[in-house]
Amino acid sequence: SQAVLIYKDVVGEKIAAISEAVDLRGGKLFVKVHSPTWKEELMFTRHLIAEKINKELGVEVVKQVFLL
């Protein structure tokens with residue numbers, strides 16, 4: 001999906017280096033995080049990731065971000 005494709009550009013180099021969007025299903029973006037420490041850190045910014053992707057796409061496609 002478009003949200004998965006633009007993930008790295010939207011989140012920036014630092015977050016893209018430790019995570020990757022793997023799927024978008026039913027408004028849920030699934031993001032694989034490479035370490036438990038980073039997963040915990042990203043828990044607090046999940047809503048911002050969704051907002052940035054939706055803003056970039058001009059439509060609300062991501063309703064929730066799930067960290068794997």
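**Contacts around Tyr7**

Q: Which residues does Tyr7 touch, not counting residues up to four places away in sequence?

A: A contact means heavy atoms within 4.5 Å. By that rule, Tyr7 touches Ile15, Ser19, Glu20, Ala21, Leu29, Val31, Ile49 and Ile53. The model is predicted: local features need pLDDT of at least 70, side-chain atom pairs count only at pLDDT 80 or more, and totals for chains, interfaces and linings use all residues. Residues are numbered from 1 along each chain as its sequence is written, and side-chain values use heavy atoms, with hydrogens and water left out.

Q: Is Ser19 buried or exposed?

A: Buried means under 20% relative accessible area, exposed over 50%, partly exposed in between (1.4 Å probe, protein chains only). Ser19 has 0% relative accessibility, so it counts as buried.

Q: With which side chain does the side chain of Ser19 make a polar contact?

A: A polar contact is a pair of N or O atoms within 3.5 Å; within protein, one must be able to donate a hydrogen and the other to accept it, and residues adjacent in sequence count only if both atoms are side-chain atoms. The side chain of Ser19 makes such a contact with that of Tyr7, at 2.7 Å. A polar atom of the Ser19 side chain also lies 2.8 Å from the backbone oxygen of Ile15.

Q: Which residues of α1 meet α4?

A: Helices are DSSP runs (H or I, at least four residues), as are strands (E, at least two), numbered from the N terminus. From α1, Gln2, Ala3, Ile6, Tyr7, Val10 and Val11 meet Ile49, Lys52, Ile53, Glu56 and Leu57 in α4.
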